[in-house]
Amino acid sequence: MAAAVVPIGGASRDGRTVEVRVPATSANLGPGFDTLGLALSIYDTLQVTALPAGELEIEVHGSGASEIPRDESNLIVRTIAYVFADAGRPAPGLRIFAENGVPHGRGLGSSGAAVAAGVLAAKGLLEGDVELSDTDLLRLATELEGHPDNVAPALFGGLTIAWMSERGPQHKKLLVHRGVSPLVLVPAYTMSTSQARSLQPPQVSTADAVFNVSRSALLIAALMQSPELLLDATADRLHQDYRAGAMPETQRLVQTLRAAGFAAVVSGAGPSVLVLADGPGSRQEAVELADRVTDTPWEALLLAVDVRGGTVGTRAEGST
């Protein structure tokens, strides 16, 4: 679909529509706490149209639709307004149509996906007036989300290493070995990120810190070159055990899968379980094991690593 040229500036932005797609993400990946993130092939999609200032229409379908606000408190609305304010431009009115594929409250980066989608939507609406670089996108998304480990892979795809520097949030995108086959096991219950973080101790031992440094380094090698090392590489001592009491079914499944040789970790803040299998056959064996050993029903999502990240396209309202 060819993009139409739309004049920008003041009310002339009215009628511009942007189409956005952002992937789910799994952060931490075991030892890479608040640092590593992986983009996965489930998506939130949006259509956002600029309206006259003060107008707002929101329609949401899919995961979490009944809980998502339809007013100015909506996270995507707040994100777009934040980006426009940062650019020194008045925010337009908005018509938003959202189709949410990313499960909410399950440790798959739903809030990060919403922030990334809002930042990309604002980028599309501002195109031709204010140009936003990848650095700008990551900075703005991190300011809103609080940390970059989910928004970096949502924006840029693949495996990302994210860190903070004196220049602000930074990231490095890496390609994952084609033998790595992600599986996400999603329960019916949810877990809030704030609750999970509240269970973290303020300090850890030097031995545990060194353990995680070594495993994080090994995990990069395993994901890029040597999937056979994934079980050792995904071991963690910084966060998962501390959160276990809040989601015992998740912890039990992780332990059972790891005892059987599968590289299973808590996805993000949980309660979903991410398995980084070393091939499609191994992944199916993990699904069958999860079905046998737990009473809790788990939805099995056999996914791929998303390599594109978030995308945005711009068209004039009514164009084809």
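Hi everyone. Let me begin with one definition: the expected span of a helix is 1.5 Å times one less than its number of residues. Keep that in mind as we look at this structure, which is a predicted model.

Let's start with helix α2, which covers residues 110-126. After the helix comes Gly128, whose phi is positive, near 90°.

Now for helix α3, residues 134-145. Its 12 residues reach 16 Å from the first C-alpha to the last, close to the expected 16 Å. Which of its residues are buried? They are Leu137, Leu138, Leu140, Ala141, Thr142 and Glu145. The buried residues of α3 pack against α1, α2, α4, β5 and β6. Just after α3 sits Gly146, with a positive phi of about 100°.

Next, the largest pocket. About 740 Å³ of space lies in it, and 46 residues line it. Which residues lie nearest its centre? Those are His104, Gly105, Ser110, Ser111 and Gly112. Several elements give two or more residues to the lining: β1, β2, β3, α1, β4, α2 and α5.

On to the aromatic residues. The structure holds 1 aromatic pair. The rings of Tyr189 and Trp298 have centres 6.4 Å apart and planes at 75°, so this pair is edge-to-face. Where in the chain do the two partners sit? Tyr189 is in the loop between β7 and α5, and Trp298 is in the loop between α10 and β10, so to speak two distant parts of the chain, 109 residues apart. Tyr189 is partly exposed, at 24% relative accessible area, while Trp298 counts as buried at 10%.

Rings also meet charges here. Arg21 lies over the face of Tyr43, 3.8 Å from the ring centre. Arg215 has its charged end over the ring of Phe211, 3.9 Å from the centre.

Let me finish with two single residues. Leu36 lies in strand β2, residues 32-51. With a relative accessible area of 3%, Leu36 is buried. Between Leu36 and Leu159 there are 123 residues of sequence separation, and their C-alpha atoms are 7.3 Å apart in space. Leaving out residues up to four places away in sequence, Leu36 touches Ser26, Ala27, Asn28, Leu29, Asp149, Thr160, Ile161, Leu219 and Ile220.

The other residue is Gln240, in helix α8, residues 240-243. Is Gln240 buried or exposed? At 9% relative accessibility it counts as buried, because the cut-off is under 20%. Gln240 and Gly93 are 147 residues apart in sequence and 42 Å apart in space, C-alpha to C-alpha. Again not counting residues up to four places away in sequence, Gln240 touches Gly30, Gln251, Val265 and Val266.

Conventions
Residues numbered from 1 in each chain as written. Predicted model: local features only at pLDDT ≥ 70, side-chain atom pairs only at ≥ 80, totals over all residues. Heavy atoms only, no water. Helix = DSSP H or I, 4+ residues; strand = E, 2+ residues; numbered from the N terminus. Phe/Tyr/Trp six-rings, centres within 6.5 Å; stacked < 30°, edge-to-face > 60°. Buried < 20%, exposed > 50% of the residue type's maximum accessible area, 1.4 Å probe, protein only. Lys NZ or Arg CZ within 6 Å of the ring centre and 35° of its normal. Contact = heavy atoms within 4.5 Å. 1 Å grid on protein atoms, 1.4 Å probe; cavity = no way out; pocket = protein on both sides within 12 Å on 5 of 7 lines; lining within 4 Å. Points joined across faces, edges and corners; volume = space filled by probe spheres on them.
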